[in-house]
Amino acid sequence: MFFMRKNRFLQSRRIAVLLLASFLAFSSFFSDGRVLTVKAASLEELQEEAEARKILPIQSNEIDNWPAGPQVSAQSAILMDANTGVILYSKNIHERLYPASTTKIMTALLAMENGNLDDTVEFSHEAVFSVPTDGSNMGMDEGESISLEECLYGIMVASANEAANAAGEYISGSIEDFVALMNKRAEEIGCTDTHFTNPNGLHDPQHYTSAYDLALISSYFFRNEMLCKISNTPRYHFEATATQPDDFYKNNKHKLVNGEIPYEGILGGKTGYTDDSRQTLVTCAEQNGMRLICVVFKEETPDQFTDTAELFDYGFHNFQVLNISENEEKYNIESTGFLQIGNDVFGSSKPILSIDTDSYVIIPNTVSFQDLDSKIDYSQSDENRVAGIEYSYHDMYVGNAYLNLVTDNASSYDFDTNMTATDVSVEMTEAESETETEAQDTIFINIKKVLVIILVIAAVVITIFMIHALITNGRTAKRRNNRIRRKQRRRSHMRTDFDDFDF
C-alpha cells in the first residue's frame with residue numbers, strides 16, 4: 001500500500017515537473033527570458049534583505065562591558081540559558097514573527113505533558129486532509145494509527161503536519177480545543193507576544209510568536225530528556241504494524257542534529273519554513289555547565305544553521321557559570337544570629353536559613369561575582385522559602401537564588417519552623433543593612449551561644465557572691481577581733497585593780 005501510494009506521488013510529481021518545465025520554456029520563448037529574470041531578481045532581493053537585517057541593532061551589545069555578539073542575518077535572534085532564563089544575546093527578541101514548523105515544539109511539549117507514550121493516536125479525516133498534501137508529512141492515511149511516541153518522532157523528525165494535527169486531537173479531542181490549550185499554556189509560561197491558530201505552524205496572519213516567547217516555551221521542552229532524545233534524532237525508522245502497514249525512514253533536516261554541520265553538545269532542535277516566515281530554527285546545546293537555547297527567525301538558508309553555531313560559540317566562549325551559595329558574601333548566612341537546627345547543640349547545628357546550592361549566575365568572563373547587583377524579595381509563595389535574591393549586571397538579569405528554611409532534623413528541638421518571611425530576616429552588610437533592618441526586626445536563637453551566655457552570667461553571679469561573702473566575712477572577723485581586744489583590755493584592767501590591794 002505504501003509503495004503504491006509513493007508511486008502515485010512520484011508519477012504526479014513527474015507530471016508536475018514536466019508541466020512546470022514546459023511552462024518555463026514557453027514563457028522564456030515568448031518573453032525573451034523575462035520569467036527567469038524575475039526569478040533571479042527575487043533571489044537577489046532576498047539576499048539584499050538578509051544583508052539589511054545584518055545591520056539591525058543588537059540590544060545585548062549596548063550593555064556596558066558585555067561581550068559583543070555576532071552580526072547575524074536573522075530578523076530576530078536570542079541566546080538564552082534553558083534553566084535560568086538568562087539572556088546572553090538579544091536582537092529584536094520581542095518582535096512578533098511567524099514561527100512556521102517551530103510551532104511543533106509547543107505541540108510536542110503539550111503531548112508529552114498530557115499524554116502517555118504508549119497510547120494510540122488515530123489519524124482522522126480532518127487531521128490528514130486539513131493540511132496541504134505538498135507540505136511536510138509522513139504519509140499517514142485516514143484511519144491509520146500509531147503510538148504517541150512514534151507520533152512525536154513524526155512531529156519532530158519528519159515535521160509531519162498531519163501528525164501534529166493527530167496529536168492535538170488525541171490530547172484535546174479536536175484541533176480547535178488543542179489550539180486553545182496551546183494559547184493557555186503559552187500564557188502560563190509567560191508568553192506575551194504569542195498567538196497560535198494551529199498545531200503545525202502553517203501560515204496564518206494570526207499565528208505568531210517572538211524569539212523570546214519561543215525560547216521560553218523551548219526551555220520547558222528541553223528540560224524533558226525524552227523530548228531532547230526525540231528532537232535530537234537524525235533519522236527514524238517507522239516500522240510496519242497492524243494499524244500502519246508501511247515501513248519507511250524519515251530524515252531530520254536540522255543540519256546541527258543530522259551532523260551535516262558538526263557541533264559539540266547538541267541536544268536537539270526544530271526547523272521551520274514558509275514563504276512568509278522564511279527560515280526559522282530552534283536549537284539547544286550544552287557545554288561548560290550551560291544549557292543554551294538559540295532561536296533565529298526570518299533567515300535565508302543555510303544562514304539559520306551557521307548563525308546558530310556562531311551564536312553558540314559566542315555564548316560558550318564568553319560566559320561563565322558561578323554557583324551562588326559558594327560566592328555569596330553580602331547575605332551572611334553563617335552569622336545570621338542564633339536560630340539554628342541540628343542534632344548536636346554543642347557544635348553540629350546548621351543554620352536554619354541557607355541559599356539553595358543548585359542556583360547559579362551566568363556572567364561574562366570579565367566580570368566577578370562581586371560586580372553584581374542584587375535585591376531581596378520576601379514575597380515568596382513557597383512556605384519553605386523565606387526570600388528570593390535576584391542578581392543583575394547593569395540591569396541585565398543574570399540569575400537568582402532562594403533563601404530556604406532548613407527543615408531536616410528540625411524535630412531535635414521544639415522550635416517552631418513554620419516561619420514566614422516576616423518572622424526571620426538576613427544579616428546584610430553596609431548600606432543595605434541599614435534600610436532592611438529599619439523595615440523588619442531580626443530575632444535569631446543559637447543554642448550554643450545561649451549556653452555560653454548563661455555560663456557567663458552564672459560566672460558573674462558567682463563572682464559577685466564570692467566578693468560579697470569575702471567582704472561580709474571580713475567585716476565579721478573585724479568585729480570579732482574588736483570584741484576580743486575589748487575583753488582583753490577589761491581583764492587587764494581587772495588585774496591592775498587587784499594589784500592595788502595587799503591581801
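Is D193 buried or exposed? In this predicted model, D193 counts as buried because its relative accessibility is 13%, which falls under the 20% that sets the limit for a buried residue. The residue is found in the loop between helix α7 (residues 175-189) and helix α8 (residues 211-221). Along the sequence D193 is 20 residues apart from D213, and in space the two C-alpha atoms are 6.7 Å apart.

The side chain of D193 also takes part in a salt bridge with that of R96, with an N to O distance of 3.3 Å. This pair links distant parts of the chain, since D193 belongs to the loop between α7 and α8 while R96 belongs to the loop between strand β2 (87-91) and α3, 97 residues apart. Side chains of opposite charge can pair when their charged atoms come close.

In total, the count of salt bridges in the model comes to six. Another of them joins E188 to R185, where the closest N and O atoms are 3.5 Å apart. These two residues are three residues apart in helix α7, and therefore they are separated by about one helical turn. An α-helix has 3.6 residues a turn, so residues three or four places apart point the same way. R185 is itself buried, with a relative accessible area of 14%. A further salt bridge is made by the side chains of R278 and E300, at 2.9 Å from N to O. Because R278 lies in strand β8 (residues 278-287) and E300 in the loop between β9 (290-299) and α10 (303-318), this pair ties together parts that are 22 residues apart in sequence. Both R278 and E300 are buried. Through salt bridges that share partners, E113, R185 and E188 are joined into one network.

Burial was then considered for whole helices. Helix α3 (residues 104-114) is largely enclosed by the rest of the structure, because nine of its 11 residues are buried; among them are K104, I105, M106 and T107. Helix α5 (residues 148-156) is likewise largely enclosed, because eight of its nine residues are buried, including L148, E150, C151 and Y153.

H254, in the loop between β6 (248-251) and β7 (266-274), counts as buried at 0% relative accessibility, and its side chain reaches the backbone nitrogen of L256 at 3.2 Å. S231 lies in helix α9 (residues 225-231) and is buried, with a relative accessible area of 0%; the side chain of S231 reaches the backbone oxygen of C228 at 3.3 Å.

V456 counts as partly exposed because its relative accessibility is 46%. R480 is also placed in helix α13, and R480 is partly exposed, with a relative accessible area of 40%. A positive surface patch is formed by R480 with R475, K478, R479, R483, R485, R486, K487 and R489.

Definitions and conventions
Residues are numbered from 1 along each chain as its sequence is written. This is a predicted model: local features need pLDDT of at least 70, side-chain atom pairs count only at pLDDT 80 or more; totals for chains, interfaces and linings use all residues. Side-chain values use heavy atoms; hydrogens and water are left out. Buried means under 20% relative accessible area, exposed over 50%, partly exposed in between (1.4 Å probe, protein chains only). Patches are made of residues with over 30% relative accessible area and no salt bridge: like charges are joined within 9 Å, nonpolar side chains (Val, Leu, Ile, Met, Phe, Trp, Tyr) within 5 Å. Accessible areas come from the Shrake-Rupley method with a 1.4 Å probe; for residues, only the protein chains shown count as cover. A salt bridge is a side-chain nitrogen of Lys or Arg within 4 Å of a carboxyl oxygen of Asp or Glu. Lys and Arg count as positive and Asp and Glu as negative; His and the chain ends are not counted. The place of a charge is taken as NZ of Lys, CZ of Arg, CG of Asp or CD of Glu. Helices (H or I, at least four residues) and strands (E, at least two) are DSSP runs, numbered from the N terminus. A polar contact is a pair of N or O atoms within 3.5 Å; within protein, one must be able to donate a hydrogen and the other to accept it, and residues adjacent in sequence count only if both atoms are side-chain atoms.
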